[in-house]
Structures are given as structure tokens and as C-alpha cells.
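Visitor: Hello! Could you take me on a close look at a single part of this model, and then show me how that part sits in the rest of the chain?

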Amino acid sequence: MKICCYNDGAPGLIEDGSIYPLNDALAEAGLVRARASMAEVIDALANQSAAAAAVARARQGKPVAAASARLLAPIENPPAIWAAAANYRAHQTEMIERIGRHDDKLADPGSEKSRQPEYTKNAARAIKPEYLVLLGVCTHLGCLPQNRFAAGASTDGVLTADWPGGFFCPCHGSKFDLSGRVFAGVPAPTNLEIPPYSFTDDAHIVIGLDQAENA
Ligand code: FES
């Protein structure tokens, strides 16, 4: 998916040389406010399960020719923006415990076939287990996995009672646990990717820079 900020700052979906306005469809679904910022739109696209349907509705709308618009910020793949996905500080013990229960159901429990810096190749896939940093890009075909942190069956029926909490990709149903490890038997072949990152102090993460480079 390619989105952009165009003309007077409106968010749009770019497809085949056309821009489909996104704000109204997302606002009608109650996912953003009218005249939302790009950050709010990206956040809704990345984290709201209803966003996919809203984007589909936006595609039915009247497009603007991309050539006639002023493109302020085309973004190739919005979920590829580095994403600090979760702060587990308040629930660290519970989260670590939940991660440890289902290795036998995972495709790559030890992250041997998946992409992450060496320093995150541990049980929590993190430098500090209370902070998880993942790319919000499904390793199947690049859709936006949703945060589905609550354990147990979901009201929309896609997650069953044995769900331990994690990330769910609505495009083809791939499931990842709370450290981004992919469950076996879903289309995604590998765990969610972890970018290089480092801490400057206890409260600040620099994403895109290894600790060694950030020393
Ligand atoms: S893109 Fe996520 S399951 Fe296909």
C-alpha cells in the first residue's frame, strides 16, 4: 500500500496514478477525526482492525489524478515506518510468561530463520523485555498486523480461546505471539522483523541505530 499527504495535507491512497481520499472513510468508521494528521492515519491503518474495510470503501470513492495533485509526502509502505510496538513495562512478568507457553506451536521459536539483530535473539526478542520493537509489516505479503494483546477468544471470532495475545494479520490470517514470533500453519513464513535499535537512556529508544553505532 502506498499512501500520501496531498494538496492541503489530506491523506490519500495512491493506486494506478490516482489518489483516493482516506480521511472521510476512516472518520466515518470512527477510526480518526475529521482532518486527521498523517500520524493519526498511519496509526489507524496499522492498529485498527476496521481500517482495511475503510480503505476498501475509500477505493470506491472519487479519485484525484495523482499528476494533478501536490504530493507532500508519498510514503511507499506506511507500516514500514519503524514502529515501537509495545511497552510491556506494567505487565512484564505476565508477558514473559505468556511468551513461554507455546514454543511447540511456532514456526521459528528460536528466531533462527527470521530477521533481527543478534542482540535481540533471546526469549523476549528485545534488548529490554519491557520494550518490544518490531516492524509492523507482515512477513507474508506486507500487510499491517493488528495489535491483539488480549488473551482468549476475540469477539470477531478470528482468535480462539487458546490465543495467548499477540499480533494478527487480517489479510490472510497470519498470527504472531507477543514477541512477534509466527505461529505454524499460517501464510507468513517468518517472525516479524526487528530493526536495529538502541537506548540512549532508560526512557529513549533510537530506532534504526545499533547500540554500537549509538555509543
Ligand atoms: S499479508 Fe499478512 S497474512 Fe498475508
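Guide: Happy to. Strands here are DSSP runs of E with at least two residues, numbered from the N terminus. With that in hand, look at D16, which is found in the loop between β2 and β3 (18-21). Please keep in mind that this is a predicted model. Phi of D16 is near 50°, a positive value in a residue other than glycine. Is D16 buried or exposed? D16 has 6 other C-beta atoms within 10 Å, and a residue is exposed if that number is 12 or fewer, so D16 counts as exposed.

N7 lies in the loop between β1 (2-6) and β2 (10-15). Here, too, the backbone takes a positive phi in a residue other than glycine, with a value near 50° for N7. The surroundings of N7 hold 15 C-beta neighbours inside 10 Å, so N7 counts as partly exposed.

For a view of buried positions, turn to helix α3, residues 51-59, where A51, A54, V55 and A58 are buried. Seen down the axis of α3, these buried residues fall within an arc of 100°, so they line one face of the helix.

Of its 215 residues, 31% count as buried. Finally, take the contacts between residues at least 6 apart in sequence: 58% of them join residues at least 24 apart.

Notes. Residues numbered from 1 in each chain as written. Predicted model: local features only at pLDDT ≥ 70, side-chain atom pairs only at ≥ 80, totals over all residues. Helix = DSSP H or I, 4+ residues; strand = E, 2+ residues; numbered from the N terminus. Buried ≥ 20, exposed ≤ 12 C-beta atoms within 10 Å, placed from the backbone. Contact = placed C-beta atoms within 7 Å. Arc of directions from axis to C-beta.
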